[in-house]
Structure formats: C-alpha cells, structure tokens
Amino acid sequence: MIVYQANKNKFLDDHDNRDIENVIAARYLARTGRYAPEAEFRSWKNSLGEMAKVLRDPDIPDDIGVGVEFGIPQTSKRIDFILSGRTDNGPNLIIIELKQWSEAKLTEKDGLIIARRGGSSSEREGAHPCYQAWSYAALLEGFNEAVYERNVALSPCAYLHNYVHDGVIDHPAYYGDYIRKAPLFLKGETERHRLRKFIKQHVKYGDNAELIFEIENGRIRPSKMLVDSLVGMMRGNREFVLIDDQKVVFENAVTMATRASGDKKQVAIIQGGPGTGKSVIAVNLLAHLSKLGLVTKYVSKNAAPRAVFKAKLTGTFKQTAIGNLFSGSGAFYETEADTFDALVVDEAHRLNEKSGLYGNLGENQIKEIIHSSRSTIFFVDDDQVVTLSDIGQTAELDKWAKSAGAEVTHLQLASQFRCNGSDGYMAWLDNTLGIRETANTTLDTKEFDFRVIDSPNELHELLAERNATNNKSRVVAGYCWDWVSKKNPDQYDVVIPEYGYAKRWNLDKDGSLWIMAPNSIDEVGCIHTCQGLELDYIGVIIGPDLIARGGKLITEPKARSKMDRSIRGWKTMMKADPDGTGERVDRIIRNTYKTLLTRGMKGCYVYCVDDETQGFLKEL
C-alpha cells in the first residue's frame, strides 16, 4: 500500500495550493479506514514542506516520481518518502527517512541512538535514522518481486531537517556501517544542497511514478522463513535485517549478556505477540553470543521448534555441536549456578513448574533457568499460554528474576511480520476472540487473506493446493477429537461425518517434525506441533470448544477431547475454585485459537464445525 503517489509537479502543486498534509490525511483515511494520529499529521505538514523546498530545483526532473507513506509488503512498516526515476544504468528508487528531531544522545550499542520519537515528549532508545533507512531498503528488496526482477537500485538516506551538526547524530560510531550506506542530511541550505545533489546523482530522468506504481502493484516475493535461514544464521551470516524495535531488543540483549556476572545476574523479559520476530531474534542471539565466545543455549518448553531447528542443522554441523546449542526447559534442575553465560528462552510463557516425564523433578523451571546462567533472555507472550501447566507469564518471570537479585530489563516487540504484516488482523482477532477489546470489529481482507470456508473438505483441498508449491501450508484444529489412531492406526481421529471428512492427528510417526514432513499435509496438526513455528498458509478447523452464541464467542471446555492434557484436571479444580479455574480454562481455549490463527504469513482459512459460529465469522 502507498498512501500518496504523483510526480514532482503534482506534489508541489498539492503542497502549494491544497495543504499537502490535508491531501495525505484524506488519502490515508481512504486507504486505511483510519484517521491519522495528530503527531503523524504534524510530521507531514513539517517534513513534506521541507521536501517541497528540496525539490524546487530545475535540475531535478519535473516528472520524477514522488511517493509518501509506502507500506513494505508483509510488514507493518511504512517508508516516509520515496522518489523514483532512472539513471543511465537503469531504474532507481530513493528512500528518504524523515525526522523532525533537533537533538539526540549517543549510546554504546550498535546502530542505536536516544531521541524523542513519534511526537513523544519523552526520550527513548531506537534505531539511528540511517540504520532505519538502510534496513527498510533491505526489507523492500527482500519482499518485492518488481525490485528484485528489474534490478532496481535502492538508494536510502535520512533527512533530519531540524537538526544541526553536533557530533552526536553524525558521530563516527554510526559512519562505518550506516551513514556510509544511507547518507545523513541535516538542517541548513548547505545540507539541502547536498540532498539535492544526492537525488540528482541517483535519479537523472523522471518516470512519472511508473516505478512506484509497479512496486506497489508488484508480486510479493516468497517469504523468508526462520527454519530455511537457520544454517546461514548459525554460520554468522546476516539472513534477517532486524527492524526498529527488533534491533533495540537484540542490541540490549547483547549488551546485557556481555556485562553479566555471577555477582550481578542480568535478566531480560521481552514481550511480543505473534509474528513480531521473537524466534528470529532468539536464534540471532544464540549465533552472535556463541560467536563472542559466550556459552549460550537456546531453550524452549515445546519440543517442535527445537526438533525442526536440529533437523535443519543436521549434515552441516556435528551432532554434538547441535546438541550443545539447544535444550528443553526441564534440563536445569540439577545445574550448578552460573554454568552458562547466556540462556535464550523462547516461548517462555510455556515454562512449567516441575520438570521430568512425570512432572516430579525440580522446584520451578523459571527459578532453575535463572540460577543456571549469568544472563537469561526470556521471550514471552502472555496471550499464548495454552495449558494449565504453563506458568511463564511476565509477572512470574519478573518475580523470580528479582528474587534471584538480578537486574531486570523489560523490552517490547511491536512490529508485525506475520499475517502479511496486518496489525488490523491482529487487532480484529483479539476483539473477535474476546481477548481484549479493540476498535477493529470487522476485518478488511485486502490486508490479509482470511477466509471462512464452507466445508472441511474444501478447506483441506485448498491448503493442499497451496502446499504443492513449497510444502509450507498445513491444516490444524482445536483438540476436540480423541486420538484413536494411537492404538489403531487404521482409524481416523478428526472425523466430521456430515461431510465425509476423516483425517488423522499429526501425533504419530513425524512427531515434532510434523510441520516439515512432506506427507503431513494429509493430516491435521495441533497446538503442540505448530506453536513457535510459521507457515505460508494455515487452515484452522474450529471445534465445538469455541462457539458463537448471542453475537459473541463463548468457550465449551467439555467439548475438548478427554485425551487433551492442556486442561487436564480442570473439573477437579473447578470444585475448589470455580471462578478462577473457569477464567483460566476460558482464556486457554481462546489463546489456543489465537495461536493457531496466527501461524500463517500469507493467509488463514477457517472452517467451524458449529453452523452459528461459521455464520458469525462470515458476518465479521
């Protein structure tokens, strides 16, 4: 999506005669269905006015393409300002990160700087504008087929039109990697002249915004997935460019791990919803900290991500080396204090109290993990607690870290990179599932390919068709059907007789590797084999444990399979604490479906066994 596109003449005419900020605001409302925040409106007025001054140069072609607020595919990120055209060597796109800053503070962390951001009166740490511009260019190159196929040259830069040279924003620490890759332009006529020269160097001829149109309407390139990039990451290659808050989290975690000691433990608690890059950052940290010589392990309660990661590394790394990199969360109850320099705990919300096959070993996994390492980095999403045994909520992590005398750092991941980068889909899902109230009462499916399918057979056929191209689509369901094929392999588990639909659960030969096994498209997955992993397309069968009645979704724990361990013992617990247990079980069912419905990067297709629920979702 792009909010505004024109050529230079039209842009200057809109600026001079129509108040460009009002033009952009009207188009923003038309494109997104939302009013622009006041801070964004002010930034358009100020920054676009400065760009109008820059473009008032007769040597900059009148038909150079101008774009404002360009949404990068498959992300929730937008590029402030783009210019398109060509040189004698081919098409070129100039990416300009605009800032109204007038001051900033240096940090010792790579690519980070402290400033007032987004119209806020308070300072916070974030990516340097030149890092932002460069990283957005890298994202665009990675996701857009038109940029890739036409070999479009991308020329990023940052323009801070209120900022005077002070040795901070242009400190030598930022030059090597970032200002060199994305030049910095500051306040004053001399700097404006430098920016004009940069534009004329990279766009010699105009194109009436044809390249911008082509990029906006171009095909999205196949998405890069963590598991496919794992080998390169562990070899130290930069497979993923970390964007904005991801960069902040990564650099803070590295700093924390390197300064930790037995006398002063360091704990980072990093909150982030589905698709915010928790696992990507976790694996990046595993690779980077190991490269620094720190004894580091990736830890998870759920076996599926570890099994998939190990399978991907097999044949490239020795099995002993692979084994030393990954661990289950129950392996630390006998570990001596500070055995590790860093433990990176993914999906920390899934941690349990006790360890061992029978849940009878150790005292508390959170306490034991913190005890075992000088630094611990927890990635957590309280909305993905999916069993009564899960104890790793943010408050619990914080409590145990403080009781260990650790210095605790809280960080947040907000940028969305799954579900086609649709923040609207995430907000709609939270509202629809009753997890939290948002303004998103209906879903615009132009943002994300979400469909309610009329039959389970059609759903499965559609996913099988999607899967044929790259083996990255699967069908999953709520655990409302018994695992009868466990004892009788000839039997089917997920049976919907009125449609003649009969499939087996994934819980047999493939186990934790179900998500990558070539024939598993014929089966139905569950929460335990897909949480923490991602696919291109996900098909979700919503069982009778989540139904619509009276215009809202309610949960029915009795409809869960008696073999489902995630809410095992809930009936007994209800006798002692009916309100508390009922609330926990209700939330677990809602969280389970939120997790299933957010596994897809490109699309999610749904079938509900309950007719009223099917109609309810279609209406929304």
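Leaving aside neighbours within four places in sequence, L597 is in contact (heavy atoms within 4.5 Å) with Y425, L429, L433, F450, V540, C604 and V606. This is a predicted model, where local features need pLDDT of at least 70, side-chain atom pairs count only at pLDDT 80 or more, and totals for chains, interfaces and linings use all residues. Residues are numbered from 1 along each chain as its sequence is written, and side-chain values use heavy atoms, with hydrogens and water left out. Helices (H or I, at least four residues) and strands (E, at least two) are DSSP runs, numbered from the N terminus.

**Nonpolar cores**

- L597 is among the residues with the most contacts inside the largest nonpolar core, together with F450, V540 and Y593.
- That core has 60 residues.
- Strand β21 (residues 535-542) gives the largest share of this core, 6 residues.
- A second, separate core has 55 residues, including L230, L285, I322 and L413.
- A nonpolar core here is a set of buried Ala, Val, Leu, Ile, Met, Phe, Trp, Tyr and Cys residues joined through side-chain atoms within 4.5 Å.
- Buried means under 20% relative accessible area, exposed over 50%, and partly exposed in between (1.4 Å probe, protein chains only).
- In soluble globular proteins, nonpolar side chains tend to be buried together.

**Helix α16**

- Helix α16 (residues 423-433) has 9 of its 11 residues buried, so it is largely enclosed by the rest of the structure.
- The buried residues of α16 are G424, Y425, M426, A427, W428, L429, D430, T432 and L433.
- G434 follows α16 and has a positive phi, near 75 degrees.

**Helix pairs**

- Two packed helices are described by the angle between their axes and the distance between the axes.
- Axes are lines fitted to C-alpha atoms, for helices over the stretch in contact, and angles run from 0 to 180 degrees between N-to-C directions.
- Angles under 35 degrees count as roughly parallel, over 145 as roughly antiparallel, 65 to 115 as roughly perpendicular and the rest as oblique.
- Helix α1 (residues 8-18) and helix α2 (residues 20-32) have axes that come within 7 Å and cross at roughly 110 degrees.
- α1 and α2 are therefore roughly perpendicular to each other.
- F11, D14, H15 and R18 of α1 meet I20, N22 and V23 of α2 in this contact.
- The residues of the α1 and α2 contact divide into 3 nonpolar, 2 polar and 2 charged.
- For this division, Ala, Val, Leu, Ile, Met, Phe, Trp, Tyr, Cys and Pro count as nonpolar, Asp, Glu, Lys and Arg as charged, and the others, Gly among them, as polar.
- Helix α3 (residues 38-55) and helix α7 (residues 189-202) have axes that come within 9 Å and cross at roughly 70 degrees.
- This pair, α3 and α7, is therefore roughly perpendicular.
- E50, M51, K53, V54 and L55 of α3 make the contact with R192, L195, R196 and I199 of α7.
- The α3 and α7 contact has 5 nonpolar, no polar and 4 charged residues.
- The axes of α14 (365-372) and helix α15 (residues 394-403) come within 9 Å and cross at roughly 45 degrees.
- That makes α14 oblique to α15.
- I366, K367 and I370 of α14 touch E396, L397, W400 and A401 of α15.
- The α14 and α15 contact has 5 nonpolar, no polar and 2 charged residues.

**Loops around β14**

- D338 lies in the loop between β13 (326-328) and β14.
- Phi of D338 is positive, near 55 degrees, in a residue other than glycine.
- D338 is buried, with a relative accessible area of 16%.
- E347 is found in the loop between β14 and α14.
- E347 is not a glycine, yet its phi is positive, about 50 degrees.
- At 5% relative accessibility, E347 counts as buried.
- E353 lies in the loop between β14 (340-345) and α14.
- At 43% relative accessibility, E353 counts as partly exposed.
- Not counting residues up to four places away in sequence, E353 touches E363, N364, Q365, S389 and I391.
- The C-alpha atoms of E353 and S389 are separated by 7.3 Å, with the two residues 36 apart along the chain.
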